[in-house]
Amino acid sequence: MKTGSRLEKVLEKGAFAVTSECGPPRGADPDVIREKGKLLEGVVDAVNITDCQTSVVRMSSLSACLILKEMGFDPILQMVTRDRNRIAIQSDVLGAAALGINNILCLSGDHQRFGDHPQAKNVYDIDSIQLIMTVKKMRDEKKFLNDQEMTKAPVLFIGAAENPFADPLEIRALRLAKKAAAGVEFIQTQCIFNLDRFAEWMREVVDMGLHEKVAILAGVTPLKSVGMGKYMKSQVPGMDVPDAVIERLKGVPKEKQGAEGIKICIETIQRLREMKGVRGVHIMAIEWEEKVSEIAKGADLLPRPKV
Amino acid sequence: MIVAQAKPIEDIVTMIDRYDKIILAGCKACVAVCAAGGEKEVGILASAITLARKRDGRAIEIREVTLERQCDPEYVEQIRGFAGDYQAVLSIACGVGVQYMAEHYKTIPALPGLNTSFMGGSLEQGVWSERCQGCGQCILHLTGGICPVTRCSKSLFNGPCGGSSKGKCEVSPEMECGWQLIIDRLKALGEFENRFTELFPIKDWSTSRDGGQRKITREDMKA
């Protein structure tokens, strides 16, 4: 399937892809997105726009996608099934395609219990794998979920997330197989700090031949401090931060921990790049977007290929 | 059973503030089993209300009754003879019972003394847990007898999300991950390979509450 996606083109060319993400503001100011965008210019092939991540109300992903699109980016529309039923989902998919968005990332979304509106009712009409099925059906069969034909199909490059570190570990590659069977074309993983565990998952993925069906972009996050490492280890569900990583940060003075975190991140990318089946990297510099370019440069990922 | 729990006494006292003659109606069905609205709870609540009103310096007359079931017209009708002598019915049945009271006694306010919580069962003395959401299309034969709609916080159909940790759900460390339970059970049954790997189709929720208020008519049973 040929979409207008720059990410798809980079992957097809066989280049090691680079994506990053941009969290929309908790307000109506478009300049926040533009400023974050500027930090990523020339550094990434595509940029994810989160969809009310951690269930906190923010500017909609689609709106922020459009702002970045106007700047010349190839945005990846993140869409969670927490807040929309199949009517709203299909409607938004059509709208995104009509506005020239080329990529979608299908997610279930963080439970609203974690967010700023824990009183909200959630939807979960469909799950993330069923969202992949939905977008694929719309694109490839030109049909809605009710089997009715549509006038023009939304041509989107279909992605999803996978967390190799969540329990039960033994089903994580199988779950990727389900996503592949549902029609996913690229995967961005949860932040990788435990390279051994990731390598183990990747071996399973390769053994199942999934790396040939799905482009796997390995997720990385630079740690700013020992505190952030500890927080991610203990407070973020499904996050695996080995003690050795925290110890390494502890080994440097506080003011140098950020630099050390970036160093760890770059080394991680270098090791990931050597792993069979890893087709790119997804750099999630949480509220630290200004460091993405330094990381990409340090990991020898620049300049990005022209496609 | 339908599991419910008592509303805080202050809320109940506020709710009945303008009445001084009420019927307090319990139910011998589910809410009696979960110790929220049976005969014993009627007695306890009546004493608590009387005490609270006494502190306020205002007497209240409470007629205590506990019906066989409040979800059946024939039992709800049992208070017909004296209902008109009272200003309100405080029902400590489930939400069905309160509404049956309202439907049968058109001019008497029906007030809820409980918060009806879920369909579930008891785990141990004093602990109840949800099991069913009444989606109207049971799939338990496909999921090892454990319901993903109820037991997974996101009602996912295709396996656990990335928030499953050591068998617990990301929503709370006290909550089990429904999908961990399903996977363990499918394995124990030797059904994991074929069940888990299959893509679960998108669910038709029209048999659930999403199709509007539901009604079942059994022609074979109609008089």
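Into which domains is chain B divided? I looked this up and found domain 1 (2-118) and domain 2 (133-210) in chain B, where the bounds come from an automatic or database domain assignment.

Before going on, I noted that this is a predicted model, in which local features need pLDDT of at least 70 and side-chain atom pairs count only at pLDDT 80 or more, while totals for chains, interfaces and linings use all residues. I also noted that residues are numbered from 1 along each chain as its sequence is written, that chains are lettered from A and ligands numbered from 1 in the order in which they are written, and that side-chain values use heavy atoms, with hydrogens and water left out.

**Entry: domains of chain B and chain A**

I looked up the distance between the C-alpha centres of domain 1 and domain 2 of chain B, and it is 37 Å. For chain A the assignment gives domain 1 (7-162) and domain 2 (189-298), and their C-alpha centres lie 23 Å apart.

**Entry: where the domains of chain A meet**

I found 19 residues of domain 1 of chain A in contact with 20 residues of domain 2 of chain A, contact meaning heavy atoms within 4.5 Å. The two domains of chain A bury about 1,700 Å² between them, with 63% of it on carbon and sulfur atoms; buried area is the accessible area (1.4 Å probe) that two parts lose on being put together, summed over both.

I then looked up the salt bridges between these two domains of chain A, and the count is 2, where a salt bridge is a side-chain nitrogen of Lys or Arg within 4 Å of a carboxyl oxygen of Asp or Glu. I also looked at Glu287(A), which forms a salt bridge with Lys36(A), their closest N and O atoms being 3.3 Å apart.

On the side of domain 1 of chain A that touches domain 2 of chain A, helix 1 (6-12), strand 1 (17-22) and helix 2 (30-40) each supply at least two residues. Helices (H or I, at least four residues) and strands (E, at least two) are DSSP runs, numbered from the N terminus. Strand 1 of chain A gives the most to that side, with 6 residues.

**Entry: a sheet in chain B**

I found an open sheet of 3 strands in chain B, with the order 1-6-7 and antiparallel pairing; two strands pair if DSSP finds at least two bridges between them. Its edge strands are strand 1 (2-6) and strand 7 (127-132), each of which pairs on one side only. Strand 1 and strand 6 (residues 114-124) of chain B pair in the antiparallel sense over 5 bridges, and Ala6(B) stands opposite Leu114(B) in strand 6.
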